[in-house]
Each structure stands twice: as C-alpha cells, then as structure tokens.
Amino acid sequence: MKIRAKLFGTLPQRYPGYDPSQGLEVEIPDGAKVKDLLARLGIIGSDGGLVAVDNLVVQHDDSLKEGVSVDIFQRAFGG
Amino acid sequence: MQFIRVNMSEQTVKIENVPQDYVGLGGRGLTSIMINNEVPPTCDPLGSENKLIFAPGLLSGTSLVNTSRISIGAKSPLTGTIKESNAGGTVAAALGKLGITAIIVEGLAPQDKLFNLIIDQNGNAALQAANDFKGMRTYALVERLLQDHGEKNGVLCIGPAGEYQLASASIQTSDVDGRPCRAAGRGGLGAVMGAKGIKAIVISQKGKSPDAIADPESFKESAKVFAKAVKDHPFSGQMLGALGTAGLVSAVNSTGAFPSYNATKGVFEGWEKISGEFLAETIQKRGGQTTHMGCSQCIIRCSNVFVDEGGKYVTASLEYETIWSMGGMPGIDDLDVIARLDFLCDDIGIDTMNTGVAIGVAMDAGYKEFGDGQAAIELMEEISKGTEIGKVLGNGPAAVGKHFNHHRVPVVKGQSIAAYDPRGMQGNGVTYATSPMGADHTAGNLVGAYLGGMLNPLEAEGQVKASRKAQIAMASLDCTGLCMLAGAALAAPDVSEALLKMINAKLGTQLGADDIPALGIRVLKAELEFNRNAGFTSKDDRLAKFFYVEPLPPHNKVFVVTDEDLDSTFDFE
C-alpha cells in the first residue's frame, strides 16, 4: 500500500529535493505498522519521536491504512 | 562574591561580601531563599517591603558555554506568590565576570523619580537620575544608554508597562547585538522594578574579577565534555540551530495540544503558516538570520532575526511560546503580524505570553474578532499609551476575564498557561497547577517525554511523578545559570557527572550526585513555605475550572488528574 509521510524538524534534510507541501510517497506492505514505516525511512533510535495521523498521536505498534498522511517529528524538549 | 544592595528610599548603594548563609547559592536558589528569608510574605508586591533580586547562576561568568541566564526574583504582583523569572542575553555573564553574586533592590524611590543603576568594569555601582528617560520604550532606551555608556555593556530595563506597574510587565535584557529582545517576562517583575523607581541597570561587560575557581583544571576538562555533548545532541546541536524553539509548533500541534482560539481547540488550522519550518523558510528567503547568537557564550544559537519583505529588522528572536500566544491563542496565522506583536511586547516591556493570552480572552469575550491581527496590534498600542482598556490587557488574562465577565481564562494563580494545553499534555497541567510560580512551563515541562513517546500525554497515570521529577530538576538547573535548552544533554550520565564536577570545581565542594536534586528540593521548599505564609493553600493549586469541564478537540479530553494526586506533587520522600 501507499502512504504519504511528512517530515519535520531536521528530518527533511536527509532527503534531497524534499518538498514540504507534498511529503514523501512511500510504499509499504499491507498491514504495516508505524515502526515499519520508520524503519523503511531509516528513522531509528533517538531520531524518531512522535508520529501523528490526522492530528491524532499514534503509537509505533499501531497499524497504518492505505492512503493516510503520516506526520513524523523529531524528539524535542521545552521551548 | 559580592552583593550590591541598593536602597531606593534613601538612594544609597552598598557593596558587601556575600553573607555565609548565602554562600554557594546562585540564580533561582539565591533569589528564592533570600526572598523567603527577607521579604514579608503578606507584603504589597509594589510596596517598600518587597525586594527585587537579580542573581546570575552559579556558573555564569565562567568559561562554560550557555551559562548566561539571570534569575530575577521578588514577590509577584501578578500571582501574589514568590516569583523567579529568568532570562538570557548578556547580563548574567557580565555580572559573573565582575564577581557580583546578586543585586538586591530594596525600598521605594520617591514618587515620580526614576533612576538608572550603573555598574562599571571595576564593579563600582552608582544611581543616576533618569527622569529624562521616563516613558521611553526599550529599544530607544537601550540605544541611548549604549551611546552614553559604551557598547560593551549589558542592560536590564523596563518599558512603559513597567512604569505603569502593569501586572504583566517584563524586565527586558539586551542580547549580544545590544537589542533589548530577551525578557524575564513572567510574573510582572517589570512592575516591581517600576515601583522601585529603576528604569535601567547598565552593567559593564569588561569585568575581569570573576570569583576564583577552586579547581580550574577539573573545571576546564568537564566544561569541554559538556560543550561537546550540547553540540552532539540532535536537539541542541542540530534542530534548535535549524528551526529554533519554533520547531515545536508542528509537533505540539500534531499532538492536539496546541491551545488555539483561547484554548477552545487543540489544533490550529493555520499552523503550517506559523510553523518553525515555514518561519525558517521565510527568514531565509528575505535575508534575515535563521540562526543567531542571542546570549553570551551560546553555542546552540536557537535565536533568529526576523525581517520584513524589504529585509528590514522586525524582531529577534521569534520563539515558540510567542508564536503560540500571539498566533494560536488569538487565531492569527500571519508571521509578519506575530513578529510585529513580539517586537511591540519587547519594546513596551511586557510578557508576550500573558499579553497574547489576554488578547485571546478579550477576543473570546467578543471584544474583537479572532484572527484580527490589526486589532491585536492596536490593542498593544493601547497598552503602551496606558489607556483604560490598555491597562486591563496589560494586567493579564485574569483582569481581562473579570473586565468582560468571561469565564474561559486559562490561568493558574493569575498567570497564563504556556503553549501546551493541560488537557492534551496532562503532566504540564500538573506543573501549571502546582508550581510555586503559577502556571509556568519552565518550572517542569514534560513535552520531551511526550514527543519521545515515553509517557502517554492523555492519561492521568504517571503525570504527577513526572512533573515532580521535572520540577525538582528545573529548580536545580535554575541555580546554575545554564540554559534549559542546553539541559537536554544532561540526560546522559557522563554529562550530568560533568556538571556536578564543574559545580564542585567552582565552589571547592565535594557534592555528590544526590546533592543536585537535594538543592532543587531545598529551593522548592523555600518557595512553598513563602507561598503558605502568604496565604496560599492546596485549593489554589488547581487549573481554571473550564479545563475540567470543556473537552478539547481533537482528543476531546478534559483534565483528569485528581485533586488528591495534585496535592501529592510535593511529597518529596
């Protein structure tokens, strides 16, 4: 299935030509989980923090659905 | 190790050695313990019995990076509680290099008399009549002071809001470029400075008499470890330099915890137009500075310089909390308007957070339309002129709520919440409710735990414990002069050990790892004692009622931590 991943913080710098308005189109297996998407994008360990779908926070073990737009953020602290 | 005691009733300045009781204290530890010892808790915050204390951190003025935070303390006219508000800029490092542990301002100047306190490169201090500066906004004021006294000075000052003694008035501090764009914004301490009759404190940056370091070699070695860790950390070493604290907009908004339209929504529709990513893109396109050194000895460079379409300076630095208070809360999705509002707050000398929320409450009450940026700018000018509505706004959201008889006022103990809704980040609600300072995110912010997936932000479980730990850690950190953003690196054991070694090397002590949280607990206990003696009880440690009964979209949650759990926040043992 295909989903759209939008990257925030300094994550876009890893993808030359990244278009913030479009994000990345990513193909992942049906029933793949959030953690599978992160692994597919090479976002691992302390790189990855919060993930949200439609402004609702999802857990790394949650499954993704075809066509969703997934926002991926970096870990951040107080401002 | 010297105190400068300034008596404004008699206009005298006395320099004394730090009394034994206060040796080894700095920053918030010094201001809070001294206020608890020396200020009558029931006094009028704007009266002669209150004291206004300026204390650099224990490590300010040393070679360590990111140590130019100054703590300013007094009894607050906004909250009625003890208050410590800290700010960056240049003055903490300048005071540290002069070996000045604190400036303590006592008494009240005769009415309508204003003074500047000038501290030269030898640490000599004198009051100068400043009636000519009356009514000046801070940018013009600082420009003139630096012309008169030289560019190598740091300045602490108030604008018109402080002179009017408004409850949201800030004390502004100058950055490395000599702009008064850093603020001790919280708690209305600018009003205390105005009541004392001090317009500005000018501090030489040429001091060469810092307190001796007991073990310079050990200090130097640990300082290198700390600096490297700050640089290597993905947050302090990369993200903050690229996006500043504004990088939090998109993340917090996506958790549904970005209080918008006076905290009636947790997601702001126009967030992409005020995000850190868009801010950086806009600044870059216009030729401003996306990263910038705002504070002395800073290697993080979270600051920025926002310019207009013609490339002309508007403000520095546009930060997360201000983008929220002047953007999300009044529903304004235009960075140019937000930047203008930020500049006006600095120039008038008023807290961006309390003021943005006050405007949001006024809009929610129907006084102006949500999203009307021009109206917000005009309201700022009302504050500057000291008109009736301007004074209502300048006294903060609680005063606005009372004026318009409007119930939805997001404050605790009179101070506005910050850019994390307590229904979407429950633990920050615990901190807002219980902090001795009133609603204050810097007292114990759990956003890092939520964004890192370590704590569920929407459930009650674990929030009190996490807030307690964070409040103790922050009370300790606020003693050092270190920037909280550099504090992100302290999670690594070797880095926290390096900090402990530096404190021991500076003071010649043998403190152990447990002594650092013990210091934080000592500070919190002093603050809680002051508040109890001022008449505060556990019933004051509650959020505004609407947080318990109005669900916040999109999660549609209310604040669910019980009163009983809140009351256990400071069960230290």
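**Figure 1. A proline pair in a loop.** B:Pro554 sits in the loop that runs between α21 (546-549) and α22 (563-566) of chain B. Keep in mind that this is a predicted model. Zoom in on the link between B:Pro553 and B:Pro554, and you'll find a cis peptide bond, with omega at about 10°. Why is that worth a picture? Most peptide bonds are trans.

**Figure 2. A cis bond at a serine.** Here the peptide bond between B:Ala316 and B:Ser317 is cis, and its omega is about -5°. Where does B:Ser317 lie? Look in the loop between β15 (313-315) and α10 (320-328) of chain B.

Figure 3. Now for a backbone angle: most residues other than glycine have a negative phi. B:Gln11 isn't a glycine, yet its phi is positive, at about 55°. B:Gln11 has 16 C-beta neighbours inside 10 Å, so it counts as partly exposed.

Figure 4. B:Ala263 is a residue other than glycine with a positive phi, near 55°. Is B:Ala263 buried or exposed? The cut-off for buried is 20 or more other C-beta atoms within 10 Å. B:Ala263 has 27 C-beta neighbours inside 10 Å, so it counts as buried.

Technical notes
Residues are numbered from 1 along each chain as its sequence is written. Chains are lettered from A and ligands numbered from 1 in the order in which they are written. This is a predicted model: local features need pLDDT of at least 70, side-chain atom pairs count only at pLDDT 80 or more; totals for chains, interfaces and linings use all residues. Helices (H or I, at least four residues) and strands (E, at least two) are DSSP runs, numbered from the N terminus. A residue is buried if 20 or more other C-beta atoms lie within 10 Å of its own, exposed if 12 or fewer, and partly exposed in between; C-beta atoms are placed from the backbone.
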